[in-house]
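Q: I am new to this structure and would like to learn how to read its features one at a time. Could we look at it together?

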Amino acid sequence: MGHAPGLICRSCGHHWPEKEFMLMCPECSTPLEVDYNLEELHQYLKRGWPQSNDATLLKQWEKLLPLAYPELIARCTLGETQTPLIPANKVGADMGLNDLKFKVEIGPTLSLKDRGSSLCSLKALELGFEAMSVASSGNNASSIAAYAARAGLPAVVFVQRDVSPAKFSKMLAYGAKVVRVDGDLSAASRLCRHMCENQGWFESGGPNPYRMTAKRLVAYEIVAQMGGKTPDAVVFPCGGCAGLVAAYSGFNELMSMGLIPKLPKLIGVQLTACDPVTQAFEQGHFEITPVEKLPSFSDALMNTNPYWGTRAIAATRDSGGLFISVKDEEVAAMLVKLSTEEGFFLEPAGAVAVAGLNKILNENRMQGLNQVICTVTGHGLNSQEKSIYKKMIPQPIPPDPAKVAEYLGI
Ligand SMILES: [Zn+2]
């Protein structure tokens with residue numbers, strides 16, 4: 001038997017043993033969290049950061065995760081590991097930053113979602129669930145479909161009407177039952193919650209405490225990869241805002257244990273086509289007013305009423321960060337820069353954080369930034385049908401050196 005700390009409500013202090021799985025506190029509706037003993041985690045980390053050595057994420061961070069049956073890890077992994085932290089070659093210098101690094105959050109199913117899905121599939125098995133489910137704009141549905149297939153569980157995934165065919169291909173390939181809801185992501189999320197409550201499926205997105213606790217490890221990874229240092233800022237693309245909120249929780253744990261002296265400034269970036277959190281942040285509110293989404297070249301990040309929006313605003317304010325929005329054309333320009341100057345081929349949402357950082361620096365919205373980490377997420381193959389490169393596919397030329405020279409203009 002491994003480590004099964006159960007769940008806690010941070011608002012009213014109620015604790016539940018882990019076999020009583022719930023997403024929200026029945027007393028006060030606060031999302032539940034894994035009830036770690038920070039002193040135990042601290043004692044473990046005093047021996048040094050766990051080495052990656054190509055270990056899967058769950059294996060590397062086993063002692064910091066709630067794994068009652070760690071022997072199930074092999075059944076619930078697709079080889080997801082600690083993600084790389086790569087220094088920018090040119091993009092950082094062009095922004096006037098001394099030290100910009102990319103945290104490349106692209107897992108086995110080509111997005112950042114695998115970080116949470118591996119643990120979700122393991123907990124679904126441990127807790128005896130017979131099916132997994134999630135509502136998603138595409139990447140999370142694909143990821144849950146893959147990890148459910150790996151764990152030998154059926155998956156029922158709920159997606160909004162507009163999803164890229166490439167993402168449909170992924171989730172269908174993994175054998176999930178795909179429910180395409182005639183509506184937006186909020187409608188798909190409400191339907192997913194209802195069906196999970198009535199059918200007893202393991203809801204693996206939104207407020208799932210195990211997804212959040214796996215996602216918090218991005219903070220541990222960053223600090224470990226920087227040799228115990230804290231960057232000035234970490235920038236996240238924000239739709240549902242779970243990534244930023246989970247990272248905040250990880251950085252807070254590290255600070256509580258005295259392993260970092262301060263929080264990095266947490267910066268959330270949304271697309272102007274759907275930016276309810278930026279709007280609330282700029283108006284000085286914590287409550288999110290749902291918006292209608294406008295047309296965008298991205299299907300991801302189109303969350304009209306994000307579950308973690310209020311918490312994300314609190315996290316950015318507490319850390320001295322901010323929310324900002326970027327237009328499609330600003331992201332498109334950054335996509336080209338990141339592929340041609342850095343070698344990263346990303347879907348639109350994958351470049352949103354870097355486009356947001358560029359805008360913050362151009363508009364002088366934040367001072368004192370030197371060492372910054374930008375998360376890049378979502379592989380370019382996730383949205384090929386909207387790719388600008390489709391129109392650029394060249395005509396075939398005869399296999400003749402003279403024709404090659406003519407074609408290349410050399
Ligand atoms: Zn409560």
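Q: In which sense do strand 7 and strand 8 pair, and over how many bridges?
A: Please keep in mind that this is a predicted model. Strands of a sheet pair through backbone hydrogen bonds, either parallel or antiparallel. Here strand 7 pairs with strand 8 (residues 177-180) in the parallel sense, over four bridges, and within that pairing Val157 has Val178 of strand 8 as its bridge partner. Strand 7, helix 6 (residues 165-173) and strand 8 together make a right-handed β-α-β unit.

Q: Which strand pairs with strand 7 over five bridges?
A: That is strand 6 (residues 132-136), and its pairing with strand 7 is in the parallel sense; Ala135, for instance, has Phe158 of strand 7 as its bridge partner. Between strand 6 and strand 7 the chain passes through helix 5 (residues 139-151), in a β-α-β crossover that is right-handed.

Q: How should I read the two faces of strand 7, and are they covered or uncovered?
A: In a regular strand the side chains alternate between the two faces of the sheet. In strand 7, Ala155, Val157 and Val159 lie on one side while Val156 and Phe158 lie on the other, and all of these are buried, which leaves both faces covered. Because five of the five residues of strand 7 (residues 155-159) are buried, the strand is largely enclosed by the rest of the structure.

Q: At what angle do helix 9 and helix 10 pack?
A: Helix 9 (residues 217-225) and helix 10 (residues 242-256) pack at about 55 degrees, and their axes are 6 Å apart. That angle makes helix 9 oblique to helix 10. The contact is made by Leu217, Val218, Ala219, Tyr220 and Val223 of helix 9, together with Ala247, Gly250, Phe251 and Leu254 of helix 10.

Q: What is there to notice about the phi of Ser29 and of Leu110?
A: Most residues other than glycine have a negative phi, and most peptide bonds are trans. Ser29 is not a glycine, and yet its phi is positive, at about 65 degrees; likewise Leu110, also not a glycine, has a positive phi of about 75 degrees. Ser29 sits in the loop between strand 2 and strand 3, whereas Leu110 is in the loop between strand 5 (99-105) and helix 4 (114-126).

Q: Is Ser29 buried or exposed, and is Leu110 buried or exposed?
A: Ser29 is exposed, with 10 other C-beta atoms within 10 Å, while Leu110 is buried, with 23 other C-beta atoms within 10 Å.

Q: Where is Gly350 found, and which residues does it touch?
A: Gly350 is in the loop between helix 13 (328-342) and helix 14 (352-362), and with 32 C-beta neighbours inside 10 Å it counts as buried. Leaving aside residues up to four places away in sequence, Gly350 touches Val376, Thr377 and Gly378. Gly350 and Glu105 are 245 residues apart in sequence, and their C-alpha atoms are 9.0 Å apart in space.

Key:
Residues are numbered from 1 along each chain as its sequence is written. This is a predicted model: local features need pLDDT of at least 70, side-chain atom pairs count only at pLDDT 80 or more; totals for chains, interfaces and linings use all residues. A residue is buried if 20 or more other C-beta atoms lie within 10 Å of its own, exposed if 12 or fewer, and partly exposed in between; C-beta atoms are placed from the backbone. Two strands pair if DSSP finds at least two bridges between them. A crossover is right-handed if, with the strands pointing away from the viewer, the path from the first strand over the helix to the second runs clockwise. Axes are lines fitted to C-alpha atoms, for helices over the stretch in contact, and angles run from 0 to 180 degrees between N-to-C directions. Angles under 35 degrees count as roughly parallel, over 145 as roughly antiparallel, 65 to 115 as roughly perpendicular and the rest as oblique. Two residues are in contact if their C-beta atoms, placed from the backbone, lie within 7 Å.
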